[in-house]
Amino acid sequence: MRRTGSGHAALAAIALLLTAMPAWAAIEFYQAVDRNEVGTEDVFQLTVVVVDPPDNAQVQFPAPDDFEVLSSSQSTQRSIEMSGSGPPQIQTVRKHVLMMRANRAGNLTIPPAVLTSGGRTYRTEPIKMTVRKGHVGPPPGQASRQRQQLPDPFRNFPGFGNMPDPFADEEEQEEDPRDPAREDMRIPRGDSDLFLRATLDKKQVYVGEQVTLSLYIYSRVDLSSVDAVTMPKLEGFWSEDVDSPTQLSGEQRIVNGVPYRTYLLRRRAIFPVKSGTLPITPAEADITTGFLFAGHRVHRVSNELNVEVKPLPPGAPKGMSGANVGDWKLSMDVSQTKVELGQPVTVKVILEGSGNVKNVTPPRLEAPAALKVYEPKTSDKVVPNKWRIQGSRVQEYLVMPQRTGSFTLPALEFPYFDPKTGRYEVSRTEPVALTVEPGAGGVASAPAASPTQLADAAAEQKNVLTAGGLRPLRYQARFEEPAAAVWQRPFFVPAVLTPVGLLMALGVVGLVRGRMSREDEGSRNRQRAKAARKRLAEAEKLRGGSSSAFYGEVEKAVLNFLEARLKVPVGGLTRDALEAKLAESGVDAERRQRVRFVLEACDAGRFAPGAEPAARERILDDAAAVMEGWDK
């Protein structure tokens, strides 16, 4: 094969093509916007196009007082047309994109852009804008129509009449479809370079359904550190942390055409405990920008949010609780189904799925009278997930057979509401047969045995620990001659009369004090309510101590306060009876629900040792909220 040229010659030809400028090329200079009607809260796009600009061309963009330029970018495209008879034809298109926002409402004008080159000046046509107050969404398809109305810079270029639009917007950055920041965001005025943004993955949920609250920093400046973050007060919600990054890690995101670096500060799962429109107050943060001695500390406040909470639909199954919302599966695990008398059986009731894991309550294990069931030990396991709370709650029971025979642990049911399907569901377990056999070396305690036979069998047991298990204790008594009767001793009469005298003296003192102070029943109730609040303050000192002591003190403070306000004892009432008593006294439904929530949280806290400090802080706030507003 014969060579007709060299590689150096080909490279030289390509370089000549890229640098040559055809004699017919002429400068075209124009500007256009993506829409002519916007709001004062909207960001719109101004595109300035130069076709075949000279090397020394300088473009001066419009900078009117009525508009604010948020960002600008530039791109260049070059096309080459090869022809057999003539020289190559090259055309260059330079595009400048400005993201702008109007400073006021009215009929405004964007002045011409100016191009200077070789002593000559070119100007574009001015653009008239209609600006309304607030936010004005663009009509469907208007942005694409505006792009199509831009003059085609290649319309006079041979062979390029049907080329695709070179000014079409670059492909938008893909985001997580669950990311709530994909919504149309409003860039705040005055803080457009650095602001906080709180977002929700859902704005309408059912009672007990999870909502994910995320707090982001949006920045176009360098960040050094975040010194303090104050999350919103979540009244009416049960909350759990989902993601709390320890280091700032930013990612690029486009907001209304303006590029930002976004940093996740906190992500929290919140579960509404009541229906209605629940507000979420703004979060706050202290942020340091810049580095070293050039750092500058600023304070930023996020936006407010609202959650529309729908009540659970009617027709709830028996035993349904407001916390039983999500996707759940109930199971039961028995360590052994055949056991010797005196040996324990471990039964685990397992509830797993997605939802409020730490607030949901599995059904209680029921067993025949011949099986003694001890109080369960509860443990939680939360599976790491950046968006959802999911895991399992396990209640482990110790079951001790009291006699031999065949017994059945009944099936358990857990009703729940699935927000995905909008229906109530019930997860069930199968009944478990349990066989108890006589222990080695021991006498079986048969169901038909008489009380005498049971006593004789128990007397034969030894107080020893054998392979058969721990057998019943055997007590041995020592008999001694009784001493003189108490009433025959010399201190008896004074000891009996002294309390009577003290009681009479206290009665007289109380009568005198009552007459002097003329204290009425309302005053006494206020004093008792004040004492209950003081007791709640004392409970705050136990936050770092025992769970049972802390939650017990909070519960006593709330019950004492309710007794003072209702003027009736409430200590021995069930939760339903207490709620009925509150309703009879005219207490509104929201306060009754809050009282029940606090008391049930105290019950859960006493049986879940090692609760996190944040949970104890929340229950103190909720208990204080129960005691507020009664005097209004």
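The dialogue below turns to the chain as a whole, then to a sheet, and then to charged residues.

Guide: Please note that this is a predicted model, in which local features need pLDDT of at least 70 and side-chain atom pairs count only at pLDDT 80 or more, while totals for chains, interfaces and linings use all residues. Residues are numbered from 1 along each chain as its sequence is written, and side-chain values use heavy atoms, with hydrogens and water left out.

Visitor: How many helices and strands does the chain have?

Guide: Helices (H or I, at least four residues) and strands (E, at least two) are DSSP runs, numbered from the N terminus. The chain has nine helices and 33 strands.

Visitor: How should I read a sheet?

Guide: Strands of a sheet pair through backbone hydrogen bonds, either parallel or antiparallel. Two strands count as paired if DSSP finds at least two bridges between them. Here, three strands form an open sheet in the order β14-β19-β20, with antiparallel pairing. Strands β14 (223–230) and β20 (296–301) stand at the edges with a single partner each, so one side of each has no neighbour in the sheet.

Visitor: Over how many bridges do β19 and β20 pair?

Guide: Strand β19, residues 284–289, pairs with β20 over six bridges. Within this pairing, Thr-288 stands opposite Arg-297 in β20. Arg-297 also belongs to a network of salt bridges with Asp-227 and Asp-286.

Visitor: What is a salt bridge, and how many are found in the whole structure?

Guide: The term denotes a side-chain nitrogen of Lys or Arg within 4 Å of a carboxyl oxygen of Asp or Glu. A search of the whole structure finds 19. One of them joins Glu-37 and Arg-132, at 2.6 Å from N to O. Glu-37 lies in strand β2 and Arg-132 in strand β10, so the pair ties together parts 95 residues apart in sequence.

Visitor: Which residue forms a salt bridge with Lys-274?

Guide: Glu-590 does, at 2.4 Å from N to O. Glu-590 is in helix α8 and Lys-274 in the loop between β17 and β18, 316 residues apart.

Visitor: Is Lys-274 buried or exposed?

Guide: Buried means under 20% relative accessible area, exposed over 50%, and partly exposed in between (1.4 Å probe, protein chains only). Lys-274 is buried, at 15%, whereas Glu-590 is partly exposed, at 41%.
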